[in-house]
Amino acid sequence: MVNNVKIEIRGLSVSYGLRPALHGISLDIPARGIFAIIGPANSGKSTLLKCVNRTVEFERGARVRGEVRIDGVNVFRSGNVYALRRRIGMVFPLPVGLPLSVYDNVAYAPRMAGLRDRRALDDVVERCLRQAALWEEVKDRLTSLGTLLSGGQQQRLTIARALSHDPEILCLDEFSIAIDPVTTMRIEDVLTQLKSRMTIVLVTNLVQQARRLGDLTCFLNRGEVVQVDRTAMIFSDRPGNQLTYDYTRGIFG
Ligand code: ADP
Ligand code: MG
C-alpha cells in the first residue's frame, strides 16, 4: 500500500441476483484530490460508490465479494457501520432535503452526534453553508424550509449537510444532473477548494466535468475498469486505450 492511498479496492465484485454489476475491480484512490469516475449508464458507477459506505447492503439481492479498504481497514469487516458512514459524505443526483429548516438540515448530524451548544452549532452551520457556497443566499432565511429553496440551492444544501459531520471522504453521484450550469460551476469551485483537505470521489456522466475537475480519472465500462490514469492522460489524443479514446470523444456511451 502506498502511504497516501485512502481507499483501496481489491477484487470487488457485486451482483444483483444473478446479474453482475462489478467484475472484480481493483483501484487505489489517493487521500486528497478529486478522483473522477466516468462511464456509460449501467457501467456500475453508483454501485461502486455504494460499496464505499456499504449502502449496497440496502439493495435487495446484492451480493458483494472482495474488499474496500479505507485507511487499510476492510469496510465490510468494520463492526460499526454507522461510524463508517459518518466518515463519508454522500451526495446523490437529486437533492435530498429533509423537511426541516435550512439551519436544521445542516445541524441535524452534529446534533445527532451530541453537539448541543447553540454557538457551536451556529458555527458549524455557517461553516458548512459557506463551504457549499450557499451562505450568502440563505443567511437571512435560515429558519425557512430547506425544501422551499431552488433546485440548485437544495443541492448545495445537500452538500452542506454532507460536510456537517466532517467527512474524510466525499462521494458525489452525478450531482449536477438536475441543476443549472451556473450552479454546477459554483459547486465545481467548491469541490476544487475542498479537495486539498479530503478525498473526493466524483461520479459523473459528464466527461467534460471529469476533465475539468479530476486529478485522476477512472473509466468504467460494463462493470470493469477500462483505464485509470492522470486526467490529462485519459483525455489526451493518445490515452493508450481505444475504448477510452472513443468514450471521451463521445463516439459511444
Ligand atoms: P451506473 O451508476 O453506472 O449507471 P449502476 O451501478 O447503477 O450503474 O448499475 C449497474 C448495473 O446494476 C446495471 O445493470 C443496473 O441495472 C444494475 N442494478 C443497479 N442497482 C440495482 C438493484 N438495486 N437491483 C438490481 N439491479 C441493479
Ligand atoms: Mg448511477
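## Gly66 and its strand

Helices (H or I, at least four residues) and strands (E, at least two) are DSSP runs, numbered from the N terminus. By that count, Gly66 sits in strand 4, residues 62–70. This is a predicted model, where local features need pLDDT of at least 70 and side-chain atom pairs count only at pLDDT 80 or more, while totals for chains, interfaces and linings use all residues. Residues are numbered from 1 along each chain as its sequence is written, and side-chain values use heavy atoms, with hydrogens and water left out.

Gly66 comes out as partly exposed, at 36% relative accessibility; the scale runs from buried (under 20% relative accessible area) to exposed (over 50%), with partly exposed in between, using a 1.4 Å probe and protein chains only. Setting aside neighbours within four places in sequence, Gly66 is in contact (heavy atoms within 4.5 Å) with Arg10, Gly11, Leu12 and Phe76. Gly152 is 86 residues from Gly66 in sequence, and their C-alpha atoms are 37 Å apart.

## The cores

A nonpolar core here is a set of buried Ala, Val, Leu, Ile, Met, Phe, Trp, Tyr and Cys residues joined through side-chain atoms within 4.5 Å. The largest one has 35 residues, and those with the most contacts inside it are Leu129, Leu170, Leu172, Phe175, Leu191 and Ile200. Among the elements giving two or more residues to this core are helix 4 (118–131), strand 7 (169–173), helix 7 (181–194) and strand 8 (199–203). Domain 1 (1–87 + 167–253) and domain 2 (94–165) both contribute, so this core lies between them; the domain bounds come from an automatic or database domain assignment.

Apart from this core lies another, of 28 residues, including Ile9, Leu27, Ile37 and Leu49. As for Leu170, its contacts beyond four places in sequence include Gly89, Val91, Ala162, Leu191 and Ile200.

Over in helix 10 (residues 242–248) is Thr248, buried at 7% relative accessible area. Leaving out neighbours up to four places away, Thr248 is in contact with Ile38, Val207, Ile234 and Phe235.

Methods
Chains are lettered from A and ligands numbered from 1 in the order in which they are written.
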